[in-house]
Amino acid sequence: MASITISDVSKTYPGAAAPSITDINLTIQDGEFIVLVGPSGCGKSTLLRMVAGLEEITAGEVKIGDRVVNKVDPADRDIAMVFQNYALYPHMTVRENMAYGLKNRKTPKAEIEARVAEAARMLELGPYLDRKPRALSGGQRQRVAMGRAVVRQPAAFLFDEPLSNLDAKLRVSMRGEIRRLQKRLATTSLYVTHDQLEAMTLADRLVVLNAGRIEQVGAPLEIYHRPATTFVASFIGSPAMNLLDAEIDGRSLRIGAHVIDAGRNMAGQGAITLGIRAEDLHPSATGLPFKVDFVEELGAQRLVHGLIDGQALVLTLDPQLPLQDEMRLSVNSDKLHLFDTISGKRLEHPKTVASGIPVPA
Amino acid sequence: MTDVTQTAPGLIRRWIARATARPEPAKRVQFDRPLLPWLFLAPQLAVIFVFFYWPSAQAISSSFYIEDPFGFGSTFVGFDNYTDALGSAEYRHIAGFTAIFTVLVTAFSLGLGLLLAVKADQVIRARSTYRTALISVYAIAPPVAGLIGMMLFDQHIGPFVKLAACFGWELKVGLNYFDTAFAMILVSVWKQVPYNFIFILSGLQGIPQSVREAALIDCKNGARRFFTAILPLLAPTAFFLLIINITYALFDTFAVIDVMVKDKAANNPITLVYKVYLDGFRGNDIGGSSAQSVILMLVVLVLTLVQFRWLERRVHYG
Amino acid sequence: MNRIRPLDHLILILGTLFMVMPVVVAIMTSTHTAVEIHTGGLQLLPGNDGYDTYHTVLTRQGGFTGQVTGARMVMNSLILGIGFAVGKIVLSMAAAYALVYFRFRFATLMFWVIFTTLLLPLEVRIMPSYHVMSQLGLLNSYTGLIVPLLASATGTFYFRQFFKSIPDELLEAARIDGAGPVKFFIDVILPLSKTMMAAIFIIMFVYGWNQYLWPMLMTTDERFFTLMRGIKQILQVWVGSQIPDYNEAFALAVLALLPPVLVVVVFQRWFIKGLTESDK
């Protein structure tokens with residue numbers, strides 16, 4: 001049980017023109033479940049592997065607990081890792097797979113047996129202990145992989161997209177199992193995924209990465225409701241947040257030929273990117289004219305895709321409501337997210353602003 | 001009451017059933033034509049019948065006859081050729097040498113191949129250079145290897161002779177039994193190392209990276225990691241190579257021996273396959289040579305069947 | 001994992017030297033005169049007589065009948081190597097195709113008939129094979145050299161494994177598209193097999209070129225001698241009082257080893273793929 005501190009960490013592969021990871025600063029508290037999320041190639045796995053010791057750290061420092069572990073062997077970092085494709089030893093039984101790490105650390109036999117039995121109970125692996133991995137299904141193998149990590153009782157768990165190879169239904173149930181397990185063991189966990197839904201449901205805190213840099217760190221709901229950049233805004237949440245071109249006009253926002261009330265004084269002038277979540281748009285008598293393009297029925301809700309003055313938009317509707325080809329939409333003014341068009345950064349709007357310059361979040 | 005399938009006859013019966021069972025259909029969907037497949041098979045089958053089955057049958061049948069030395073026919077002698085061969089001290093002597101030769105060549109070429117493959121797998125820089133250099137020797141024919149070996153051990157010009165002389169060892173390859181055997185073994189090992197190297201390196205590189213990384217986290221000691229987590233995964237390849245190497249030592253080393261011995265068996269070490277050749281082509285003892293052939297056939301049969309059976313057991317890890 | 005490990009490199013360098021030095025010595029020594037070699041031993045550096053030696057070896061009419069030249073032996077080896085490789089590919093692809101893609105009576109029996117040939121290498125049936133050839137009148141002919149070697153299942157085995165790994169869906173799609181077995185073979189299987197064919201060609205070419213025992217038995221007419229046979233001959237005539245023609249022996253050895261080694265080194269990737277992929 002320990003904290004993980006990542007300070008100013010960067011990585012450049014030898015011979016590469018640019019760094020893959022730049023200036024990462026992150027402090028993970030003891031017992032926290034941190035999820036690194038981002039699109040393919042954003043560096044999240046690389047970062048995880050640097051913490052594990054499977055990749056070299058070009059610059060910066062990683063501490064596990066109080067120890068700087070930059071040069072420490074993976075086997076000595078007191079971490080356990082769960083891999084995407086399970087990485088079970090094919091020639092060993094489930095029992096031997098779980099015991100292997102402990103055997104190499106000269107744990108007494110009785111202790112090993114006790115820990116394996118306990119992990120098997122926790123993960124319902126009892127009937128499979130003497131089978132080889134090839135005789136198990138994907139979900140069972142993944143549980144064995146977790147069992148292998150659990151018996152080590154490490155300072156931290158590292159998960160590298162463990163659910164990506166499972167089918168959708170299994171993913172949902174395994175997600176719950178991982179969460180329950182972590183809460184029970186209270187072990188610090190660092191989890192990597194490209195699935196924003198997994199990230200939202202599992203994390204105590206979320207780290208959104210893009211092109212090797214941190215875009216935002218925070219609790220899931222915090223990130224959901226106040227995304228710091230257009231990237232985070234469109235990555236987190238499904239369907240993705242609508243991002244429209246708009247213009248500040250005093251207390252109003254101009255979208256194409258139409259105007260909506262922003263409900264407050266906004267600092268600055270000119271073009272901005274306006275973000276509105278699909279669930280925050282409601283049909284109303286007056287408001288933005290919306291032309292329906294196509295509808296996706298989800299059963300519990302309806303996703304309506306359409307256009308406002310040529311700009312694409314999605315909103316969620318209660319399926320009971322009647323659907324028309326043309327509607328008018330309104331949105332609560334405190335559900336408006338404003339972003340700088342060039343940097344993508346969030347624009348904050350304090351009630352009063354002294355200067356005329358928009359203050360970025 | 002003992003389980004009947006575990007008794008010897010039960011085991012044999014079960015084993016025969018498995019050996020003669022139809023191999024599972026190669027494809028889920030196949031063409032259903034009565035005649036066409038035979039057209040495709042015909043050339044290969046024709047060649048096999050004329051040049052494999054027919055000669056093999058002849059070999060077996062002529063092993064039961066002795067040819068009249070003046071060429072006037074042959075007499076049926078039953079198993080005499082076999083008992084003569086197996087009973088003769090000379091044959092047993094040669095069989096003994098063959099066994100030792102096979103064990104040494106197999107052990108050293110596998111061992112060296114394994115060592116080099118493991119090291120080549122571990123280094124990253126210059127890996128392809130090493131690989132190219134080590135593989136290039138694969139293509140050298142046994143007779144060429146034998147010739148070069150002869151030169152290296154030549155009385156007048158061979159550096160090995162001079163080197164050995166430094167240690168007080170007077171190498172007389174071609175004259176001294178032990179020295180010739182040493183040279184044969186060295187050359188045979190030299191020629192076979194690249195083959196083993198290729199297969200073992202491929203096997204190592206086929207191990208998923210994530211399994212290796214898991215082992216890195218689970219086991220700090222490199223040697224221990226290799227023996228407990230990596231080597232077991234090479235088991236199927238290793239077993240296959242064992243059989244191939246034994247076959248190589250028994251048969252493909254013919255050329256090396258021929259080059260060094262030059263048809264003069266006299267005081268020189270030879271293997272069983274070479275004796276088949278000597279007796280048949282130089283000694284004109286067709287019957288005896290055939291009998292020896294058949295004995296060798298049986299040895300190979302046993303080896304191959306062992307390989308198939310074992311390979312069945314060692315199912316490939318999914 | 002990216003650290004340079006000197007001990008590993010040392011082992012690899014030693015191993016490489018062990019494998020490569022004999023060949024280097026052979027090449028270098030072949031460029032000296034026989035006298036130089038006799039007095040100075042085997043050479044590590046190139047000499048000045050390379051051109052002369054090779055020219056002699058290639059063009060001198062040697063042997064007992066004075067009819068064969070080194071160049072002729074090179075040609076014979078080439079014919080054997082290429083002929084064997086091509087023959088092997090044609091025969092085994094066809095046979096493997098039949099075994100994998102057709103359902104017919106006695107298919108299993110044919111499978112075993114073919115694969116039993118893996119059990120018995122040529123060396124155990126040389127006597128009768130020789131007699132069969134002489135009965136068929138095929139001694140001292142290219143046909144006789146090449147065809148009997150084709151009687152083994154290795155090629156069929158390789159291609160069978162390869163065909164089995166081709167997705168079933170391709171055949172199903174082709175049948176829906178109206179392709180019969182021959183069309184399927186030509187339009188789908190052949191193009192897909194190109195890499196495999198190349199790999200097998202390389203392996204079989206090396207095997208054929210390197211053949212020793214069979215050509216030795218089959219050819220008494222020196223016009224049909226291959227390089228391997230030539231090597232045996234050089235050693236046979238070596239008894240004598242003069243200084244043996246070491247340089248020429250080496251030159252012949254170099255000629256014999258260069259083409260297969262070059263082929264293997266240049267086409268390394270294909271060659272390894274062919275060898276290792278088919279043992280599964």
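Colleague: What do I need to know about the conventions?

Modeller: This is a predicted model, in which local features need pLDDT of at least 70 and side-chain atom pairs count only at pLDDT 80 or more, while totals for chains, interfaces and linings use all residues. Residues are numbered from 1 along each chain as its sequence is written, chains are lettered from A and ligands numbered from 1 in the order in which they are written, and side-chain values use heavy atoms, with hydrogens and water left out.

Colleague: What is the strand order in the open sheet of six strands in chain A?

Modeller: Strands of a sheet pair through backbone hydrogen bonds, either parallel or antiparallel. Here two strands count as paired if DSSP finds at least two bridges between them; strands (E, at least two residues) and helices (H or I, at least four) are DSSP runs numbered from the N terminus. The order in chain A is S6-S7-S8-S3-S9-S10, and the pairing is mixed. Strands S6 (79–82) and S10 (213–218) of chain A each have a single partner strand, so one side of each lacks a neighbour in the sheet. On average, neighbouring strands of this sheet are turned by 15 degrees against each other, direction ignored. Axes are lines fitted to C-alpha atoms, for helices over the stretch in contact, and angles run from 0 to 180 degrees between N-to-C directions.

Colleague: Which helix packs on that sheet?

Modeller: Helix H4 (residues 138–150) of chain A does, touching S6 and S7 (156–160) of chain A. The direction of H4(A) makes about 175 degrees with that of S6(A). Contact means heavy atoms within 4.5 Å.

Colleague: How many bridges join S9 and S10 of chain A?

Modeller: Five, with S9 (residues 205–210) and S10 of chain A pairing in the antiparallel sense. Asn210(A) has Arg213(A) in S10(A) as its bridge partner. In the loop between S9 and S10 of chain A lies Ala211(A).

Colleague: What is phi at Ala211(A)?

Modeller: Most residues other than glycine have a negative phi, and most peptide bonds are trans. Phi of Ala211(A) is near 50 degrees, a positive value in a residue other than glycine. As for the peptide bond, Ser238(A) and Pro239(A) are joined by a cis one, with omega about 0 degrees. Pro239(A) sits in the loop between helix H8 (230–235) and strand S11 (242–249) of chain A.

Colleague: What is the strand order in the open sheet of four strands in chain A?

Modeller: The order is S2-S1-S4-S5, with antiparallel pairing. Strands S2 (21–28) and S5 (67–68) of chain A stand at the edges. Within this sheet, S1 (residues 4–11) and S4 (residues 59–64) of chain A pair over five bridges, and Ser7(A) stands opposite Glu61(A) in S4(A). Helix H1 (residues 44–52) of chain A packs on the sheet, touching S1, S2 and S4 of chain A, at about 120 degrees to the direction of S1(A).
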